[in-house]
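Subject: Structure handover

Hello,

The structure is below, and my notes follow it. Please read them alongside the coordinates.

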Amino acid sequence: MAASPDDPVVPGFTDIGKKPFGGRIQENISRYETNFGQEEVSEQQKKERVESSKSLADSFYELITDFYEYGYGRSFHFAPVLDGKSRAECIAEYEKSVARTIQAKPGMKILDIGCGVGGPQREIARYSGAHVVGMNIQAYQLKRARQHTEKEGLQKSCSYIQSDFCHMDKIEDDTYDGVYIFEASCHAPSPVDVYREVYRVMKPGAYFVDSNWTMTDSYDPHNPEHKRIKHEIEIGNGITELRTEQEVLEAMRTVGFEVIEFKNCHRDGDLPWYTFLVGKGWCSLQNFRASPVGRWMTHAVLSVLESVGMVPKGTSQVHTILMRGCLGLIAGGKTDIFTPMFRLVARKPLES
């Protein structure tokens, strides 16, 4: 199950874990687990964890990018699950809905913050005709994004910037006609830091969509089981501290945005947002890889490959972290204390 010779940028089992850091995989795991090893931490430890969120997110995505591509494709986000539609179809429809919301069209310059390997960026560029700039702090993901963009012949409509989304020093004020974020701002030390920079680089009157990971109003911080689930989601997804819906909403208003809409967008689906994680649509190879049986088989094969030296030591351990996060996500969805699609739509006032 190695990469097909006809599509050399798709990772297979024997590619996973090799490209970003080779023999440094164990070093990255150790650093990552040092930061996330304890469920109960002091306020000072929590503060230090948040302050190191930039390096933690970078380490996390260095570890897991190939796994994400192998298991979930090139769009690293959830979408409302539509009955009778594949995961890829649901993802594409959600991306197009974001393009419509920010009113992307030919001649516009749109910013995709935390672009991953560019799946949403390319979909929105094709659909809208706008030029979409992907921004990411993670060098390996940008390398993958450029490979995919070149393969799909979209170099004229997709370009890239390496930058920290809390400090977009390479971007001038009032540059972009629209901005969107898919499930990336949850990695920031503070949502205010991200939103302030987004506000600055947007043109007056432009629209912004953030589809964010949050704890819902059903979350009880004093409930031990709720706290455990929250921690599992955090450790399995490289997040220093998940915030509540109200915290995120208040942060957006604080920087001056006119908030037009906010809702748990997963409720627009016909089925629970975690449906594909529990096994819907196994007839598709991509859906099967993301299913419980597919995850188990991937882990078993990686363990064998690691034992014979075909993938680096620690590769199966990375997959264990991801499976732990996946089970946390499913539990968060079933208890309704977590959503990966708290979608905020905002506008920068014309008079700003």
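Helix α5 (residues 119-128) is mostly covered, with 8 of its 10 residues buried (buried is under 20% relative accessible area, exposed over 50%, partly exposed in between; 1.4 Å probe, protein chains only). Helices here are DSSP runs of H or I with at least four residues, strands are E runs of at least two, and both are numbered from the N terminus. The buried set in α5 is Gly119, Pro120, Gln121, Arg122, Glu123, Ile124, Ala125 and Ser128. These residues pack against α4, β1 (109-113), β2 (131-136), α6 (139-151), β3 (158-162) and β4 (176-182), where contact means heavy atoms within 4.5 Å. Just after α5, Gly129 has a positive phi of about 85°.

This is a predicted model: local features need pLDDT of at least 70 and side-chain atom pairs pLDDT 80 or more, while totals for chains, interfaces and linings use all residues. Residues are numbered from 1 along each chain as its sequence is written, and side-chain values use heavy atoms, without hydrogens and water.

The largest nonpolar core has 46 residues (a core is a set of buried Ala, Val, Leu, Ile, Met, Phe, Trp, Tyr and Cys residues joined through side-chain atoms within 4.5 Å). Its largest share, 5 residues, comes from helix α4 (residues 87-101). Phe338 is one of the members that touch the most others. Beyond four places in sequence, the contacts of Phe338 include Trp213, Ile233, Leu242, Trp273 and Leu329.

There are 0 disulfides (cysteine sulfur pairs within 2.5 Å). The sulfur of Cys158 is 9.6 Å from the closest cysteine sulfur, in Cys115, which is too far for a bond. Cys158 is buried at 4% relative accessibility.

Regards
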